[in-house]
Amino acid sequence: MERLSKVMSNYGYCSRRKAEQLIANGKVKVNGKVVKELWTRVEESDLIEVEGRPLEKPEKIYIMLNKPRGVITSTKDDKNRKTVIDLIPIEKRIYPVGRLDYNTTGLLLLTNDGELANLIMHPKNKIEKVYIAKIKGILTKESIKKLEKGIVIEGVKTSRAKVKVRKVNKKKNNSIVELTIYEGRNHQVKKMFKAVGHEVLKLKRERISFLELGNLKSGEFRFLTPKEVKKIYNEVKK
Ligand code: URA
């Protein structure tokens with residue numbers, strides 16, 4: 001059993017908030033009866049009708065995008081900036097799984113499968129997110145330990161992380177660091193480095209679980225294969 005509004009948004013009909021409005025306004029029927037209670041729960045077999053039309057379970061879509069710099073991770077933008085959705089010319093309503101900052105590049109998943117999106121994002125499922133950061137300065141052993149053990153950001157400690165220094169440029173006083181985290185708090189990577197005194201100059205997400213960009217160029221996208229979808233479901237349900 002799942003909340004009606006959640007099912008409506010998971011099916012890609014509209015946002016959760018819009019679904020609640022439609023329900024409250026008496027526009028939604030379950031098995032032929034108007035329901036107005038926002039907490040209504042439904043089963044897969046229930047017939048849902050919205051504004052007189054049956055709600056159909058959509059074909060699931062899973063996309064990997066190599067997000068370029070200067071694009072926002074959102075389905076729309078008040079300021080009319082380019083969004084990741086603008087880079088994917090398909091009719092179906094999809095949305096990003098988590099968020100990459102405006103200037104962060106790399107692997108972003110987009111889907112209309114709300115269940116998988118939530119499972120990937122939930123920290124309890126410990127899905128690896130691997131970032132490559134170019135940072136100002138050079139990490140000390142102590143800083144590496146702190147990052148790996150967890151650091152308090154806005155009152156909450158980050159979970160364990162892995163740090164690998166890939167390159168150090170002493171002359172230019174910067175380094176390339178691989179940071180693997182299992183959560184996805186807002187600006188988490190930048191905040192973690194800031195907490196140990198380093199500014200992030202460039203940031204790219206290289207991998208989510210076993211999914212890697214491969215030869216996908218900046219701005220390009222591809223559909224995940226059924227095999228990859230099955231595998232990622234297995235990863236989150238481990
Ligand atoms: N952490 C950040 O700070 N920014 C991102 O875009 C992703 C993770």
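How do the residues of the shell around the ligand divide into nonpolar, polar and charged? In this predicted model, the shell comprises four nonpolar, three polar and two charged residues, where Ala, Val, Leu, Ile, Met, Phe, Trp, Tyr, Cys and Pro count as nonpolar, Asp, Glu, Lys and Arg as charged, and the others, Gly among them, as polar. Residues are numbered from 1 along each chain as its sequence is written, and side-chain values use heavy atoms, without hydrogens or water. The model is predicted, with local features requiring pLDDT of at least 70 and side-chain atom pairs pLDDT 80 or more, whereas totals for chains, interfaces and linings use all residues.

The residues around the ligand (a heavy atom within 4 Å) are Leu100, Asp101, Thr104, Tyr131, His187, Gln188, Val189, Lys190 and Leu203. Helix 5 (residues 188–195) gives the most to this shell, with three residues; helices are DSSP runs of H or I with at least four residues, and strands are E runs of at least two, numbered from the N terminus. Domain 2 (62–123 + 211–237) and domain 3 (128–208) each supply at least three residues, the bounds coming from an automatic or database domain assignment.

A polar backbone atom of aspartate 101 lies 2.7 Å from an oxygen atom of the ligand. A nitrogen atom of the ligand is 3.0 Å from a backbone N or O atom of valine 189. Taken alone, the ligand exposes 230 Å², of which the protein buries 98% (Shrake-Rupley method, 1.4 Å probe).

Technical notes
A polar contact is a pair of N or O atoms within 3.5 Å; within protein, one must be able to donate a hydrogen and the other to accept it, and residues adjacent in sequence count only if both atoms are side-chain atoms.
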